[in-house]
Amino acid sequence: MKSLDEGGGVPRPLVAVVDDDESVRESLPDLLREFGFRSKVFSSAEEFLASGTASQMKCLVSDVVMLGMTGFDLQQELKVRGHKIPVIFITARKDETVRRRALEQGAVGFLLKPFSDTALLGALNIALGLD
Amino acid sequence: MPVEPESPTAEIRHLRRCINDLVSVLALPATWTGGTASQIVGASLDALVSMLSLDFIYARLREPGGTEFSDMVRVGSNWESKPGPEELREKLQPWLENDPEKVPAVVRNFLGKPALTLIPFQLGLHAEIGVIVAGSQRADFPQQTERLVLNIAVNQAAIGLQESSLLSAQRRVASELDRRVAQRTAELAAVNEELKKEIAERKSVEERLRKEETELKGSEAHKAAILNSSLDCIVAMDHEGRITEFNPAAERTFGYGRENVVGKHLADVIVPPSLREKHRAGFARHLATGKSQVLGRRVEMTALCADGREIPVEIAITRILRDGPPSFTGFLRDISERKRNEGALLETHAKLARSEERWRSVFENSAIGVALTDLNGQFIAANPVYQKMLGYTDEELEQLSFLDITVDEDRDLSSVHTAELLEGKRRQFQIEKRYRRKNGSTVWVRNSVSVVSGTEQLPGFLMALSEDVTERRIAEEALNETRSELAHMARVTTLSTLTASIAHEVNQPLSGIVTNASTCLRMLDANPPNVDGARETARRTIRDGNRASEVITRLRALFNKKDLTLEVFDLNEAAKEVVALSVSELQRNRVILQADLAAELPSVLGDRIQIQQVILNLIRNGSDAMSIVNDRARDLLIKTECDEGGAVRLSVKDSGVGIDSEIEKKLFEAFHTTKNDGMGIGLSVSRSIVERHQGRLWAIRNEGPGATFLFSIPCSTNT
């Protein structure tokens, strides 16, 4: 893995991945690296919040339905805590109302699993204003 | 007339003749022995008239009795015309009438004779017997000898007559005596007979009396025995109210010995003090007026015992009528026991009446209909609710049986259940059925019917508790509709939820697969390619692919969970839903679907979802069987019908490749599939689902191309 420091440029953005699904936690970081991002994975919203790394995150990719705190709750909590982190929701649930709510709450992206890599990349670029 | 004297020879001759005549006359009585008066007289006259050659001789005899006369005449031969007795009588009458003594000696012109000498002779000392008059016209008549002969003859005759009359008198007397004796004897005999009869009567009376006496004695003994053995008290009292008899039962009841109370006033012995005055007054009134309130009836009173107790008694007093003053007999019975029993009986009776009243009011006021029928179903009784429910009065119902008022369609079931009841196969049953009201309208009822066995007194009967459930049924039907709609909604929801959860379950590994595969490609596109990374991501991909497969397997297992969720549903509706789900897929496959669903299909009891899976399976199989058919229409026919035997049948007929004899055997085997992408649950699972519904699933070759797959499951019975 190439380090960003070796290229002598801006450090690659840090993305938080919050999902209780292990396959997501396993597969997303590699894809994100291919996109040129760094990532940290968390198995629950609480874990992420407890980690204290929120301020470092440039973007949050989160599942909606999780045990304990949901993705929406997490989004709210971050706002409350004053972290202005763009959120991309990934979910297996195809529910229009959820999607609408997510967008109302200011989500940058709402992707249905299984999502294509390009769709994710598109959402990330929007989130980081790289478009 | 002076006559010349006779010569001595003539005299002798004369005398001799006289003596002969006398001898003859004296011999006369011998001739008339036992003769009658007329015989005597007649013989005498005959003899005299010839002996003396008289012209006539007339006799007049006094009849016995003294007032009548009879006469007799003998006439000599010297007459020109012989006079009859009447003539002579007539001639002599005047003299005889007055005094026979005054008969003249000579009579002139006597019946043609110039001169006739008459001589009267008295018969009897004072002519009491009679008179004889002899007459001759001879001048010398009567000579002495003639007179003598006549005298003697007359005397003889008189004696004879006397004798005869004596004899006849004797005879008369004798016969009279005889008669009298006979009479007397007869009388005596009669009297004797009478006496005999009387004696016999008396004897029999005596006998009877003796018998009566014996009987009396016997009955007296009997009566005494009755009195003594009677359990009832018998107390007799005379006209003064004193006790004359006090039988052993009375002794026991009242506690007195007979000898202690006989002679005492009844009032003082067994009438309680409080009632004595009333008793005395009543008794006195009766003796005075003959009226009584207690005679000849049974009355209840209180009596006093020796120990001071007062006991309730039943008394019947009768009066004995005899010559002389009356006496009275009282029959008393201690009814304390009876009073107690009466009380208990009344109480029991009251309880029974209350209980009866209660049960009657239950029957009458029951909130649901109650009807009783005999064992043939003919109504015996029906309470008001039942009557109102049916619109018949109970009299009208008594003319009907319960089958008469059951609608035709429900009669068979009713009869079957009732028969089972009567045969003892069940104790009771419930049935929901329809009655036809008197006005023709229908009412749904829920009946609970039981049989009540007969006893000796009461024959058995059927009892039905009948509840009008018309409203409930209507509500239920509405509810059922709603429920099935809801169920449908739920089903749809569940299905979608299920689908959603399936999707969710499968999407987890799928997501991983896509991500890893995308990463793999990018890694390989990098310069230089990240082979290690690619390998890792590829590995993950395969792993996730397997995981997805497992999920599906798991889900299929979940689908095939053994326990059925039972509900009553309509197979047609279930089939329509499945068809709706499959329509787009079928259209994509250019399958022409037709449905021939039976109009009135009975409901089935089962797991609706699982049956729908079976239907889906059959439809998909049918469609698949036609996937390579291009030369003819891809016809798929779904049909539902009623089986004989009370089952419903669904068949899916295709016009596909048909069943190959090779695969026919393996058709229903588990995991057998001809498809590469078998997503259905398979025929083996379908069959096991159907079999779990007590049905069967089978396949047949069509007459034309293709095959038909069918399953049948029993329909639910309406309770």
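Q: How many salt bridges are counted between chain A and chain B?

A: A salt bridge here pairs a side-chain nitrogen of Lys or Arg with a carboxyl oxygen of Asp or Glu within 4 Å, and in this predicted model three salt bridges are counted between chain A and chain B. One of them joins B:R543 to A:E26, whose closest N and O atoms lie 2.4 Å apart.

Q: Which elements give two or more residues to the side of chain A that touches chain B?

A: These elements are α2 (22–35) and α6 (117–127) of chain A, and the largest share, eight residues, comes from α2(A). Sorted by class, this side of chain A has seven nonpolar, four polar and seven charged residues.

Q: What area do chain A and chain B bury between them?

A: The two chains bury about 1700 Å² between them, with 50% of it on carbon and sulfur atoms; of the area that chain A buries against chain B, A:E26, A:E34 and A:P114 supply 29%, more than any other three residues.

Q: Which residues have the most contacts inside the largest nonpolar core?

A: In soluble globular proteins, nonpolar side chains tend to be buried together. Here the largest nonpolar core has 32 residues, and those with the most contacts inside it are B:L48, B:L54, B:I57, B:L123, B:I132 and B:L150. Apart from this core lies another, of 31 residues, including B:F569, B:V648, B:L650 and B:V690.

How values were computed
Residues are numbered from 1 along each chain as its sequence is written. Chains are lettered from A and ligands numbered from 1 in the order in which they are written. This is a predicted model: local features need pLDDT of at least 70, side-chain atom pairs count only at pLDDT 80 or more; totals for chains, interfaces and linings use all residues. Side-chain values use heavy atoms; hydrogens and water are left out. Buried area is the accessible area (1.4 Å probe) that two parts lose on being put together, summed over both. Helices (H or I, at least four residues) and strands (E, at least two) are DSSP runs, numbered from the N terminus. Ala, Val, Leu, Ile, Met, Phe, Trp, Tyr, Cys and Pro count as nonpolar, Asp, Glu, Lys and Arg as charged, and the others, Gly among them, as polar. A nonpolar core is a set of buried Ala, Val, Leu, Ile, Met, Phe, Trp, Tyr and Cys residues joined through side-chain atoms within 4.5 Å. Buried means under 20% relative accessible area, exposed over 50%, partly exposed in between (1.4 Å probe, protein chains only).
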